[in-house]
Amino acid sequence: MPKLFLRCSLLGKGPSLGVARGLKRRTNDRLELSEKPYICAMYGNHVVRPEDIENWGRKVHEEDPEKLAEFEARIDRGEKIEPHDWMPFEYRRQLIRLIEQHAHSEIIGALPEGTWITRAPNFRRKLALMAKVQDEVGHAQLLYSAAETLGKSREAMINDLLSGKSKYSNIFNYPAKTWADTAIIAWLVDAGAIINQTTNSKGSYGPYVRALERICWEESFHLKYGYDSVVYLATGTPRQRAMLQDALNRWWRPLMHFFGPPDQQSLHTEKLVRWKVKLATNDEMRQQFLDMYVPKIWELGLTVPDPILHKDPETGRWIYADPNWEEFWQVINGNGPCNKERLAVRRFAEENGRWVRDALRPQNAHYVTPLA
Ligand code: FAQ
């Protein structure tokens, strides 16, 4: 059985997923089909049964209370949940939503910096930027694979991105106007991503946390590259400093939004913290970011574009101006400055890359139709 499904995963579109229209047995290297559809995914040779998918809308209180209690006890003990383990449908649904959005953020996130590869100021910077952008796309690969273990096909995820149904990080819907924007992205956006990802890499879902661990290693190189680029401009000519300050001014608000809405407005935090998918709330991560990076920004002689920003000596918490949460909701719902452009580029890539995917797919594969 495991061998069969491993093979199934190799035949799918993309590296990890195949959908068998009822994979029954293997004869002479060919897969035979039965009536029922199954999804198989790479980690743990997991099989999502048709009835699982039909139950995706099931509420937590509708779960078998004994199974739910045992599941939550495992989480409390710090055990990892693996794809073949029992899990509440809401846990599965939440993980798919979050990991999928994260994966989309990585491929869309490659675009603002990617537009500067051809315009990098020298060959060394160009090489470094190319490597970074390539890493981000690689992170998307890892994350799509992790999400696939939960039963949603990569095709369905990409379709939901392209149709605008699925979200991706707010921050990549802003233009990278100058070279200094790439420096701010590589330093501060990567810093924010590392804070989120190192925290959540201690989480409960095995495939996701293993992907996060690897991603964090690579992101820490990006952070060094970003900091190096920022220091170079901050210690450069007055024009270079002005360009850097301008970039910081434009990216600050999206950076404050990056960690998600304030805790009181967050829809999913409570559940995700209980199930150890999120190990800190949105506000806690935002505070951690301010703690770590505001002093560094000031050290470089740059100004944070927030006149009231300060740390309350009594609570130890940063007080900051309202970063305009209305703008955040607009941007994540498709109305940011670059949303349409970003999705248009992805649609172009999807359309023009189809012949490559078709050429790579084995002609005699029986079952590559996605189910989810
Ligand atoms: N952007 O209830 P919450 C990177 C949505 S990777 C867009 O608080 P949650 C690497 C949220 O989905 C960056 N939408 O949500 C890189 C929900 O909508 P829904 C991405 C957002 O999930 C660097 C609604 O608002 N990282 O940067 C955002 O508990 C440089 C209610 O919000 C991840 O995805 C947002 N910022 O907490 C690449 C990490 N915030 O689904 C290139 C994994 C919230 O109900 C260059 N994700 N929303 O329609 C997470 O940790 C969480 O999903 C949060 C949000 C913390 C982002």
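# Close-up views of the predicted model

View 1. With 12 C-beta neighbours inside 10 Å, Ala 321 counts as exposed, where a residue is called buried if 20 or more other C-beta atoms, placed from the backbone, lie within 10 Å of its own, exposed if 12 or fewer, and partly exposed in between. This is a predicted model, in which local features need pLDDT of at least 70 and side-chain atom pairs count only at pLDDT 80 or more, whereas totals for chains, interfaces and linings use all residues. Residues are numbered from 1 along each chain as its sequence is written. Ala 321 sits in the loop between strand 7 and helix 12; helices (H or I, at least four residues) and strands (E, at least two) are DSSP runs, numbered from the N terminus. Pro 307 is 14 residues away from Ala 321 along the chain, and 7.6 Å separates their C-alpha atoms. Leaving aside neighbours within four places in sequence, Ala 321 is in contact with Asp 306, Pro 307 and Ile 308, two residues being in contact if their C-beta atoms, placed from the backbone, lie within 7 Å. Asn 324 belongs to the loop between strand 7 (318-319) and helix 12 (325-335), and its phi is near 65°, a positive value in a residue other than glycine. Asn 324 counts as exposed because it has 12 C-beta neighbours inside 10 Å.

**View 2. The surroundings of the ligand.** The ligand is surrounded by 30 residues, of which the closest are His 102, Gly 109, Gly 260, Ser 266 and His 268; a residue is placed in this shell if its C-beta atom, placed from the backbone, lies within 6 Å of the molecule. Two or more residues of the shell come from each of helix 4 (89-114), helix 7 (179-200), helix 9 (238-258) and helix 10 (269-274), and helix 4 provides the largest share, seven residues. Sorted by class, the shell has ten nonpolar, 14 polar and six charged residues, with Ala, Val, Leu, Ile, Met, Phe, Trp, Tyr, Cys and Pro counted as nonpolar, Asp, Glu, Lys and Arg as charged, and the others, Gly among them, as polar.

**View 3. Helix 8 and its cover.** Helix 8 (residues 206-234) has 29 residues and reaches 41 Å from its first C-alpha to its last, close to the 42 Å expected at 1.5 Å a residue, a span taken as 1.5 Å times one less than the number of residues. The buried residues of helix 8 include Tyr 208, Leu 212, Glu 219, His 222 and Tyr 225. Among the elements that cover them are helix 4, helix 5 (123-148), helix 7 and helix 9.

**View 4. The largest nonpolar core.** Of its 62 residues, Leu 95, Ile 99, Leu 143, Ala 147, Ala 183, Ile 184 and Leu 255 touch the most other members; such a core is a set of buried Ala, Val, Leu, Ile, Met, Phe, Trp, Tyr and Cys residues joined through C-beta atoms within 7 Å. Helix 7 gives the most to this core, with eleven residues. Leu 95, not counting residues up to four places away in sequence, touches Leu 150, Tyr 205, Tyr 208 and Val 277.

**View 5. Trp 251 and Phe 258 in helix 9.** Trp 251 is part of helix 9 and counts as buried because 22 other C-beta atoms lie within 10 Å. Beyond four places in sequence, Trp 251 is in contact with Asp 181, Ile 184 and Leu 188, while Val 189, 62 residues apart from Trp 251 in sequence, is 9.0 Å away in space, C-alpha to C-alpha. Phe 258 also lies in helix 9, and its 25 C-beta neighbours inside 10 Å are why it counts as buried. Phe 258 touches Ser 169, Asn 170, Ile 171 and Gly 192, again without residues up to four places away in sequence; the C-alpha atoms of Phe 258 and Gly 192, 66 residues apart along the chain, are separated by 7.6 Å.

**View 6. Lys 276 between two helices.** Lys 276 is found in the loop between helix 10 and helix 11, with a phi near 55°, a positive value in a residue other than glycine. Lys 276 is buried, because 20 other C-beta atoms lie within 10 Å.

**View 7. The chain ends and their confidence.** The protein chain averages a pLDDT of 86, and 83% of the residues score at least 70, pLDDT being the predictor's confidence in each residue, from 0 to 100. Over residues 1-46 pLDDT stays under 50, and the model has 111 contacts beyond four places in sequence for them. Over residues 367-372 pLDDT likewise stays under 50, with 28 contacts beyond four places in sequence.
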